[in-house]
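Please read it with the sequence and the model at hand.

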Amino acid sequence: MLIPALQISDSESVGLEDGIEQSAYLTESKMNESKPGDSQNLACVFCRKHDDCPNKYGEKKTKEKWNLTVHYYCLLMSSGIWQRGKEEEGVYGFLIEDIRKEVNRASKLKCCVCKKNGASIGCVAPRCKRSYHFPCGLQRECIFQFTGNFASFCWDHRPVQIITSNNYRESLPCTICLEFIEPIPSYNILRSPCCKNAWFHRDCLQVQAINAGVFFFRCTICNNSDIFQKEMLRMGIHIPEKDASWELEENAYQELLQHYERCDVRRCRCKEGRDYNAPDSKWEIKRCQCCGSSGTHLACSSLRSWEQNWECLECRGIIYNSGEFQKAKKHVLPNSNNVGITDCLLEESSPKLPRQSPGSQSKDLLRQGSKFRRNVSTLLIELGFQIKKKTKRLYINKANIWNSALDAFRNRNFNPSYAIEVAYVIENDNFGSEHPGSKQEFLSLLMQHLENSSLFEGSLSKNLSLNSQALKENLYYEAGKMLAISLVHGGPSPGFFSKTLFNCLVYGPENTQPILDDVSDFDVAQIIIRINTATTVADLKSIINECYNYLELIGCLRLITTLSDKYMLVKDILGYHVIQRVHTPFESFKQGLKTLGVLEKIQAYPEAFCSILCHKPESLSAKILSELFTVHTLPDVKALGFWNSYLQAVEDGKSTTTMEDILIFATGCSSIPPAGFKPTPSIECLHVDFPVGNKCNNCLAIPITNTYKEFQENMDFTIRNTLRLEKEESSHYIGH
């Protein structure tokens, strides 16, 4: 985690002599040495409080070796300290010597709340001179932003929520604790940015955020995470970068994995007893299809096979005594055209439902009322939880990336749920040399090749093609598998699916109607256009006679009696050419996409996945790249200024490079992957002549120069020529 320092005002600048600095720190150390055996009674060196309250002050950390105790939030929000070490060094990456210096700096600053020294946090508002301890800031309702530059605002300059009109005359419940509150935005009362009727206590939100973590903290009403988290961070809610607390409990869901295995019929015939279960025999236990909490041996209830339905006596009584008894069907969708969306949602028990009959009106309602509207990044991160710590190294030849990937993924020792490591090798290299490669660069190159391969047809929006050799080699399955692996392991957005291909995957080919744009064959497209533009029955019949052999071959000949028959004919031709013709490749491709549960997620959350499968990522901007790259080492202020100016120049077209070039140079990707970068892209300022991109670590080292002109020339020259050389090396295989 990068913790940048806030700009320190002149009143906070400290010029203590060495003797004063040493005495200030020794005083604090002696306070902690007084009770060396009890860390609970040791005071934080910043706020001088003994409290151990993680929800308010963050975790209390004691380093006995250095006689040092700090609250995490006190350390995090201090204005004059940088995280210069790795996460495991010092205290959360803050070096001990830096903490000492910050304590000494703060010892000269008086808290404007308690009037005691040691106020390490300053308000970032221009010309505001207020400094305070973290607990004192909480007491006076200051706001601390745990994001970006980790800014702090005093009670006069803190951000507020602005409500244009207040139509709430009565109290509303906090949607977490359900206690009634006055719906007026204040420090202690916050409103959801995405749901106007959602109000919260600040304390309730903070506890919820700490328990849920960044992956599960979202609006309690609409389940939105992006907009909601951004606003809550602005208003000073700390959202820790961790998994939810309930996910971290060992064997927390163990009971869900247990099956009921006992025969409960009145007379059990099994000599081995009621608890005996022998799969694939007459003594296999079958559970009640309604409640699942009663069972029977197949032989004890005269069941011929495990597939037969069986209800226990209690459930059977309820079913037969109800006035609306129908023969039991699971997951039945209503047939009435008047059914409401709410009814559909009640019927839907799982995204794993078998596809219903084609053209069902209720199915359309079900889609429109889908409760699965979630952010695709979150969905991919959840799929990523399947990835184990065990790693599998893939040896990839960049000059032949397709065959390298095929060999790697087809290897019998390859497991899609293993973490992927990439090593680049050179073909016909007698020395067997290899060097570390970037996983995300490899996946990005693989997706580029796949998009331009003969497995797909079309210009921008692509459908599956019919390639007999690819079918023979099972390449459509491999393509689906590669796409699934790429998405889960942090690869780029494919962005080249046509809406027709996407709808076939989600709703089934039988519920999808292709359009003329899906036809890439020029001759077939011309036939369709001619039929569609026919103005008389005679013209239409003439066209059909000309295309008789083709229409007979594809089984689309039909009797023409009226001009409107042309629309059904066009529909038949489109259906054959785009869907029926590629049925076998489609089924194979779909099987590959089931890898790691990706297809199931796509079918459950179509709106979310459509954005990355059918659309290219948004264009990069100076603002996006500036926020994407973080600074992990003590920066050179001048170089960082040049960096920001350079990004703006690139965006304004005043440079020979593009935003995408910069990202490729540093990470190997031309866009931000839907699941984000791992590790987060970072920047280093080094005394070097030219920039250096480390794609394995997503790190960009920028040069420290005397002038901006020299900085831009060095950046342009290096990035442009590096990418040109890489393109020349790979130009012969991208289109193969």
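In which crossing, left-handed or right-handed, does helix 17 pass helix 22? Helix 17 passes helix 22 in a right-handed crossing; a crossing is left-handed if the near helix is turned anticlockwise from the far one by less than a right angle, and right-handed if clockwise. This is a predicted model, in which local features need pLDDT of at least 70 and side-chain atom pairs count only at pLDDT 80 or more, while totals for chains, interfaces and linings use all residues. Residues are numbered from 1 along each chain as its sequence is written, and side-chain values use heavy atoms, with hydrogens and water left out.

**The chain as a whole**

- The secondary structure of the protein chain comes to 28 helices and 21 strands; helices (H or I, at least four residues) and strands (E, at least two) are DSSP runs, numbered from the N terminus.
- Of the 736 residues in the protein chain, 47% are buried, where buried means under 20% relative accessible area, exposed over 50% and partly exposed in between (1.4 Å probe, protein chains only).
- Among contacts between residues at least 6 apart in sequence, 61% join residues at least 24 apart; contact means heavy atoms within 4.5 Å.

- Helix 17 (residues 499–507) is mostly covered, since seven of its nine residues are buried.
- The buried residues of helix 17 are Thr 500, Leu 501, Phe 502, Cys 504, Leu 505, Val 506 and Tyr 507, and Cys 504 has a relative accessible area of 6%.
- Gly 508, whose phi is positive, near 95°, follows helix 17.
- Two packed helices are described by the angle between their axes and the distance between the axes.
- Helix 17 and helix 22 pack at an angle of about 65°, with their axes 11 Å apart; axes are lines fitted to C-alpha atoms, for helices over the stretch in contact, and angles run from 0 to 180 degrees between N-to-C directions.
- Helix 17 and helix 22 are therefore roughly perpendicular to each other, given that angles under 35 degrees count as roughly parallel, over 145 as roughly antiparallel, 65 to 115 as roughly perpendicular and the rest as oblique.
- Leu 501, Cys 504 and Leu 505 of helix 17 meet Phe 586, Phe 589, Lys 590 and Leu 593 of helix 22.
- By class, the contact of helix 17 with helix 22 has six nonpolar, no polar and one charged residue; Ala, Val, Leu, Ile, Met, Phe, Trp, Tyr, Cys and Pro count as nonpolar, Asp, Glu, Lys and Arg as charged, and the others, Gly among them, as polar.

**Other helix pairs**

- Helix 16 (residues 475–488) packs with helix 22 (residues 583–593) at an angle of about 30°, with their axes 6 Å apart, and the crossing is right-handed.
- Residues making this contact include Tyr 476, Ala 479 and Leu 483 of helix 16 and Pro 585, Phe 589 and Leu 593 of helix 22.
- The contact of helix 16 with helix 22 has eight nonpolar, four polar and one charged residue.
- Helix 13 (residues 401–410) and helix 14 (residues 439–451) pack at an angle of about 110°, with their axes 10 Å apart, and are therefore roughly perpendicular to each other.
- The crossing of helix 13 and helix 14 is left-handed.
- Among the residues in that contact are Trp 402 and Phe 409 of helix 13 and Phe 442 and His 449 of helix 14.
- The contact of helix 13 with helix 14 has eight nonpolar, one polar and no charged residues.

- Eight of the 11 residues of helix 4 (residues 96–106) are buried, so helix 4 is largely enclosed by the rest of the structure.
- The buried residues of helix 4 include Asp 98, Glu 102 and Arg 105.
- Tyr 92 lies in the loop between helix 3 (72–77) and helix 4, is buried at 15% relative accessibility, and has a positive phi near 55°, although Tyr 92 is not a glycine.

**Other loop residues**

- Leu 596, in the loop between helix 22 and helix 23 (598–604), also has a positive phi, near 60°, and counts as buried at 13% relative accessibility.
- Pro 679 is in the loop between helix 27 (659–667) and strand 19 (682–686), and a cis peptide bond with omega of about 0° joins Lys 678 and Pro 679.

**Cysteines**

- The structure holds zero disulfides, a disulfide being a pair of cysteine sulfur atoms within 2.5 Å.
- Cys 270 is in no disulfide, and the nearest cysteine sulfur, that of Cys 268, is 5.4 Å away.
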